[in-house]
Amino acid sequence: MKKIICMALMAMAMTVQAQEKGENPYKKFTQNLPFKMAEVKAPVIPDRQVNLKDFGAVGDGETLCTDAFAKAIDKLAQQGGGQLVVPSGVWFTGPIVLKSNIDLHLEMGAVIQFSPDENLYSVIKTSFEGLDTRRCQSPLSAYGAENIAITGQGVIDGNGQFWRPVKRSKVTDSKWKEIMARPGGVEAKKGYWVPNQAYAQRRLPI
């Protein structure tokens, strides 16, 4: 463990040194590849900030902040971009769509928690494994955008327990009992729980 921490600190130090010298610390990731790829560079975000709380958001883990995120992002986009500061608190929200030149910055103690309400995630045209399809909108996304960053020391919680299926063999007895008690979920087949009936009607694994 100590070795891993030391290696991580050395990597961070080398990145800082490269930045101080005006070098691109990410250049090494696109060198000596078997195919051509543009050099990866860190996004450059305009020196401008807005605070999520100033757009009506409440970090109590219950108040839906979807509109506040959208308004803050729109405000920054209209000004050419900047940093959206998410302060300490639990910010309960539907999908967030980032735009160009924006840094979503989570301060220490900040948690963005996505709602399990399926109605908040529209079905959109997208692609999956190279094929055109329709899927629910992702919790955090951007379309046709560039120069985007997600920074800080906070947490982004996708609330995955409301979305993913669970196999009985993968959890303890107590956890399985807890999962089976969740409202809306069903045991689609023996030992295979899914979050809702609509999911159960899809093709299930063998």
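Buried here means under 20% relative accessible area, with exposed over 50% and partly exposed in between (1.4 Å probe, protein chains only). By that cut-off, 26% of the 206 residues in the protein chain are buried. This is a predicted model, where local features need pLDDT of at least 70, side-chain atom pairs count only at pLDDT 80 or more, and totals for chains, interfaces and linings use all residues. Residues are numbered from 1 along each chain as its sequence is written, and side-chain values use heavy atoms, leaving out hydrogens and water.

Now for the core. A nonpolar core is a set of buried Ala, Val, Leu, Ile, Met, Phe, Trp, Tyr and Cys residues joined through side-chain atoms within 4.5 Å. The largest one has 21 residues, and L52, F69, L84, V86, W91, L104 and I112 touch the most other members. Among the elements giving two or more residues to this core are α2 (66-78) and β3 (82-86), and α2 gives the most, with 5 residues. Helices (H or I, at least four residues) and strands (E, at least two) are DSSP runs, numbered from the N terminus.

Strand β3 also holds Q83, which is buried at a relative accessible area of 15%. Its side chain makes two polar contacts, listed below (pairs of N or O atoms within 3.5 Å; within protein, one must be able to donate a hydrogen and the other to accept it, and residues adjacent in sequence count only if both atoms are side-chain atoms).

| Side chain | Partner side chain | Distance |
|---|---|---|
| Q83 | Q49 | 2.5 Å |
| Q83 | D103 | 2.8 Å |
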